[in-house]
Amino acid sequence: MTTIQPIPLNLLIPSKANVRRTGRKDGIRELAASIATHGLRQNLNVTPDGNGRFAVVAGGRRLAALRLLAKGGTLASDHPVPCLVVMDVEDAAEISLAENAMRLDMHPDDACAAFMALIDKGAAVEDVAARFGITPATVQRRLRLARVSPALRSCFRAGDVSLEQMMAFAVTDDHAAQEAAWSELSQWNRDPSSIRAHLTRETVRCTDRLARFVGLDAYLAAGGCILRDLFDREENGSYLTDRPLLLRLAGEKLAAAMEQVRAEGWKWVIAEAEPDYDTRYGRIYPSAGDDDDEETASFAPEAIAQAGARLRIAHDGALEVTRGLIHPDDAESPSPSPRPEKPRNATLPATMVAELTAHRTAALRVELARQPAAALAATVHALALLLFYPAPVRGRSCLTLDAERERLARHVKACDDCPAHHAFEKLARQWGDMLPEDPAMLFDWCLAQPQAVLLDLLAFVAAVSVNAVQDKHDQPENGRLAHADRLAAHLGLDMAAWWQPTVEGFYGRLPRTVLAGFTAEAGVHAAIARPTLKKLEVAQRVAKALDGSGWLPAPLRPADAA
């Protein structure tokens, strides 16, 4: 026998007969917010416990939400709760099972459409969030999903499109572009990252060096638009949609900077929006005794008359100005003055050289995997060496394309000093998720891919094979390492962006004489002359002195600087 009656909240207790064991506490705050706004939409099922109280056999989460509201003062402790009273205790577990097993959760698309309907009726995002106990950002994400193409939403309801794929489509509101991405991508290549990359291929990510150089405020002020990916977990999912405008603004900013540098009186000044690594310049350095800060260092008047300055945009978007360059066309001019001699640092141990060059190899791999055109050239070069040239040619490329892969972990003790290791493993996982599990299907998969995907995969495969590690048996001038230097120059590899030395991973593992050489080489003072200082104190002082100086150990510098 069952009856419905109001029962004071403080007389309701959880029942051991409730079959739900997992997820009891999930979403209680959200449920409480909904009950506070819309009321209790479904009664609780209870049985008398014989002591004047009632055990809740179905509706345990609703009871927890009501108690939370009472604790916060929204409801009275004896607030009447409509309950279906089940007198037959033996039926309690069956009733609990029936309510939980027969419940069918709302499809995510239905929920998103319902949120959109509330907004269309005039509700504010913040109000909807408060009424349902969720954040405004969550409401915005659900609205973005509700704006995906109706055709794709139908596929989502049918189970042909996953929620993760819908989140990738939501990077744009352009239904035609969304549907084109779905039809143009092969079924092997419809993972969320590929969909997102396809939809943003004409945009510029906000972390790109040009975007950082121009600045988002200046771009928006000039009329540019930004596409925001609300589902980007790394919180950098913003894309600049007007590439021509961005390039124009970057050019204007470079031109203004050129005028300032030209006023210094240099023979020539050039700006490179895209770095030119093919032109080899000579160099005139500031005279001895200067601090090598080119913005304040004084060059001799005759040096300024015969040399020039080059402007580039660094990886982090900063403006780089290199002064005192001798153009190849002026090679007959008086030879540039040599760089002032500085005290030489002690030789690094072979194991440390191997570790530093392993960091450099990891960074080379990431940069090469990001530049398919360079990877194609490097791969063709390595294969052509083997096929068309007499032996020995195997050591003339740093790509080991005979299916070898140098294991960098055996050289590295301080992996966290160089984020390139983690970045490359992330790339490896992404490709691992994309490729078919069965190797017998790989060739058919490759045949089905568009050329752009194959080029990206080729770039990664080429990157995996890179070996620029200088082991203790390697001579620095061997062909493989020389090719690594040329490849690094073409890729614009900047190890200062990839490697940050720490006391634990670098300085603390080297003797005092080597550390003293570092500070002398960088022209900084570290106050480490006292013999009473312990090794760790010396390392800490050197690390502090070199922090922000831009100094790199020789194995990590560009070939011309090293």
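## Basis of the description

The model is predicted: local features need pLDDT of at least 70, side-chain atom pairs count only at pLDDT 80 or more, and totals for chains, interfaces and linings use all residues. Residues are numbered from 1 along each chain as its sequence is written, and side-chain values use heavy atoms, with hydrogens and water left out.

Helices (H or I, at least four residues) and strands (E, at least two) are DSSP runs, numbered from the N terminus. Two strands count as paired if DSSP finds at least two bridges between them.

Strands of a sheet pair through backbone hydrogen bonds, either parallel or antiparallel. An open sheet is formed by 4 strands in the order β9-β11-β12-β10, with mixed pairing. Its edge strands, each of which pairs on one side only, are β9 (268-272) and β10 (282-283). β9 runs parallel to β11 (residues 308-313) over 5 bridges, and Trp268 has Gly308 of β11 as its bridge partner.

Burial is judged by relative accessible area: buried is under 20%, exposed is over 50%, and partly exposed lies in between (1.4 Å probe, protein chains only). In strand β12 (residues 319-326), 6 of the 8 residues are buried, so the strand is largely enclosed by the rest of the structure. Arg312 belongs to β11 and counts as buried, at 12% relative accessibility. The C-alpha atoms of Arg312 and Thr322 are 8.4 Å apart, although the two residues are separated by 10 residues along the chain.

The pairing of β6 with β8 is antiparallel over 2 bridges, and Arg205 stands opposite Tyr239 in β8.

Strand β8 (238-240) is also one of the elements that the buried residues of α10 pack against; the others are α8 (163-169), α9 (175-184) and α17 (420-434). Contact here means heavy atoms within 4.5 Å. The buried residues of α10 (residues 192-199) are Ser194, Ile195, Arg196, His198 and Leu199.

## Two helix pairs

Two packed helices are described by the angle between their axes and the distance between the axes. Axes are lines fitted to C-alpha atoms, for helices over the stretch in contact, and angles run from 0 to 180 degrees between N-to-C directions. Angles under 35 degrees count as roughly parallel, over 145 as roughly antiparallel, 65 to 115 as roughly perpendicular and the rest as oblique. A crossing is left-handed if the near helix is turned anticlockwise from the far one by less than a right angle, and right-handed if clockwise. For residue classes, Ala, Val, Leu, Ile, Met, Phe, Trp, Tyr, Cys and Pro are nonpolar, Asp, Glu, Lys and Arg are charged, and the others, Gly among them, are polar.

α17 packs on α19 (residues 451-464) at about 135°, with the axes 12 Å apart; the two are therefore oblique. Their crossing is left-handed. Phe424, Leu427, Ala428 and Trp431 of α17 meet Val453, Asp456, Leu457, Phe460, Ala463 and Val464 of α19. This contact of α17 with α19 comprises 9 nonpolar, no polar and 1 charged residues. The axes of α15 (residues 350-369) and α20 (residues 479-491) come within 10 Å and cross at roughly 50°, and these helices are therefore oblique as well. Their crossing is left-handed. Arg360, Leu364, Glu367 and Leu368 of α15 make the contact with Ala484, Asp485, Leu487, Ala488 and Leu491 of α20. By class, the α15 and α20 contact has 6 nonpolar, no polar and 3 charged residues.

## A loop residue with positive phi

Ala527 lies in the loop between α21 (512-522) and α22 (535-546). Ala527 is not a glycine, yet it has a positive phi of about 50°. With 36% relative accessibility, Ala527 counts as partly exposed.
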